[in-house]
Amino acid sequence: MESLSGRKKVLEQKPMTFMERIYLPAIFKGMGITFMHMFKKKETTYYPEQEREFSENWRGMHSLKRDENGKERCTACGLCALSCPAEAITMTSAERQKGEEHLYREEKYAAVYEINMLRCIFCGLCEEACPKEAIYLDGPIVPSEFLRKDFIYGKDKLVELSITDLEAQKGVLA
Amino acid sequence: MSDKIKVTIDGIPVEVSPGTTILNAARQIGGDIVPPAMCYYSKLEGSGGKCRTCLVKVSKGSDKDPRPMPKLIASCRTTVMDGMEVQNITSPEVVEARKGVVEMLLINHPLDCPVCDQAGECHLQDLAFDHGSQATRYEFDRRTFDKIDIGDKIQLHMTRCILCYRCVFVADQITNTRLHGILNRGDHSEISTYISKAVDNDFSGNVIDVCPVGALTDKTFRFKNRVWFTKPVEAHRNCPTCTGKVTLWYKGNEVLRVTGRKDTYGEVADFICNTCRFDKKATSDWVIEGPTKVARTSVINSNHYDTLQPLPVIKKNLVLMAANKVEFEKAVK
């Protein structure tokens, strides 16, 4: 049958010559190419021990930022969740109580903030929508897990460490 | 009853009865030519004339005296004359003046929309988005107040108030005694109750509905959810004190908030009582009528772009313009 679109290409199959029929030249040629690659630069890296250099505009895991005084910037306005095309973000807001001023910047804060990393497509729209400069996709590749529930990242994984926490961590390492 | 008189607003003629204000005449036409209003509220007697957002230009006073009015006038307070010609969005002067009004209104209004519960249904937000400029020229600190509780269900956040006086008119209208008013003058003006006394009237909750900004908010809804994540549903119940016609704001199966039914101009049809507003928050309390119609431009209908922004390459190329004709026609509201 003739193709209607005219874009079909029919492969012509000629009978093989003697050299092609014995296969050995082709096999040795292929082995030669494989052997040559042993002396070339490796294209793979030993992830996660080694990491490739990321591009400047790489978008990885989200982090919820703190301001210069270590207060959480997020005010649970919900614009990231609204802009999210994959419906990956959800949150519950709460009112800041007296005595919590050093923890949260605004009078409202996100008590629960969850991102489903399986839904997230890392488009960066949440980062763009955020009026408080609270969320950035500046982290590494999201690590793999065995269970689906472990991909729902809460505030414990998303909020960046405060300066005191960072110093404490350094102290442990030193 | 005298005859109807004819006025022209932005070139559209309309016949209205004498004594109608320009704003209401424009509302009879509807559409884009209706001047925005922050303080005028058709259900409240005496409201209007304070915010100056409804400024229009009268290019012809009337048939008898065709001289234009010397200055821009507040359309909510000016009644129509026979043969009057009004310019609203067709006059660059009005557009420019409205931009100035928005800037003035925002001088003391905090830009805490991410925190504010009114965001998404805030008239000032819409107004600033449609008519305002992106930046402010004001360099000084905005005035701030502590939050005040008016009763146990209403919170007054005076910092956000734009002094439209609507809530004062509600308080005046629903009660015989004066309970709620404005203290001090000028820049120091402040909405307050008499010696911080609670407004304990059955209809006091309506100050929440009439407030165009987030100054008076429902404490039972405080920080519960964002307006655009909740689904409005019309419902009614047999209420002994009010008409019982309300809008329920659902999140999942839960009623987060009950408000009066608002029309296109954000004005409630009927004032509802506090029992309906604050206490009846179960679906079983209500007879559901159906989903509320939400304007296409509302943030509740987010992510739908109403104007097509063609790429520069399409604008130059006539063939591409013709090919995208259907899409261009869709963009027309």
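Colleague: How many helices and strands are there in chain A?

Modeller: Chain A has six helices and five strands. Helices are DSSP runs of H or I with at least four residues, strands are runs of E with at least two, and both are numbered from the N terminus. This is a predicted model: local features need pLDDT of at least 70, side-chain atom pairs count only at pLDDT 80 or more, and totals for chains, interfaces and linings use all residues. Residues are numbered from 1 along each chain as its sequence is written, while chains are lettered from A and ligands numbered from 1 in the order in which they are written.

Colleague: In what order do the elements of chain A run?

Modeller: Starting at the N terminus, read α-α-β-α-β-β-α-β-β-α-α.

Colleague: What is the radius of gyration of chain A, and what would a compact globule have?

Modeller: The radius is taken over C-alpha atoms, and the globule rule is 2.2 Å times the number of residues to the power 0.38. For 174 residues, a compact globule would come out near 16 Å. Chain A has 27 Å. Its C-alpha trace spans about 90 × 55 × 30 Å along the principal axes.

Colleague: Which strands form the open sheet in chain A?

Modeller: Strands pair if DSSP finds at least two bridges between them. Three strands of chain A, in the order β2-β3-β5, form an open antiparallel sheet. β2 and β5 are the edge strands, each pairing on one side only. β2(A) and β3(A), residues 108-116, share seven bridges. There, S93(A) stands opposite A110(A). β3(A) is joined to β5(A), residues 152-153, by two bridges. N116(A) stands opposite I152(A) in that pair.

Colleague: How many residues does each chain give to the contact between chains A and B?

Modeller: An interface can be sized in several ways. Often the figure given is the accessible area lost when the parts come together. Here we count residues: 12 from chain A and eight from chain B. Strand β2(A), residues 89-95, supplies the largest share of the chain A side, three residues. By class, that side has four nonpolar, three polar and five charged residues. Ala, Val, Leu, Ile, Met, Phe, Trp, Tyr, Cys and Pro count as nonpolar, Asp, Glu, Lys and Arg as charged, and the others, Gly among them, as polar.

Colleague: Now chain B. What does its domain assignment give?

Modeller: Domain bounds come from an automatic or database assignment. Domain 1 of chain B is 5-103, and domain 2 is 123-134 + 144-291. Their C-alpha centres lie 27 Å apart. The contact takes 18 residues from domain 1 and 20 residues from domain 2. On the domain 1 side, helix α2(B), residues 92-105, gives the most, with four residues. That side has seven nonpolar, four polar and seven charged residues.

Colleague: Which residues of helix α1 in chain B are buried?

Modeller: In α1(B), residues 22-29, they are I22(B), L23(B), A25(B), A26(B) and R27(B). These pack against β1 (5-9), β2 (12-16), β3 (55-60) and β5 (84-87) of chain B. After the helix comes G30(B), with a positive phi near 80°.

Colleague: Which four strands form an open sheet in chain B?

Modeller: Chain B has nine helices and 14 strands. Four of the strands form an open antiparallel sheet in the order β13-β12-β11-β14. The edge strands are β13 (254-260) and β14 (287-291), each pairing on one side only. β12(B), residues 245-251, pairs with β13(B) over six bridges. One bridge partner to look up: W249(B) has R257(B) in β13(B).

Methods. Two residues are in contact if their C-beta atoms, placed from the backbone, lie within 7 Å. A residue is buried if 20 or more other C-beta atoms lie within 10 Å of its own, exposed if 12 or fewer, and partly exposed in between; C-beta atoms are placed from the backbone.
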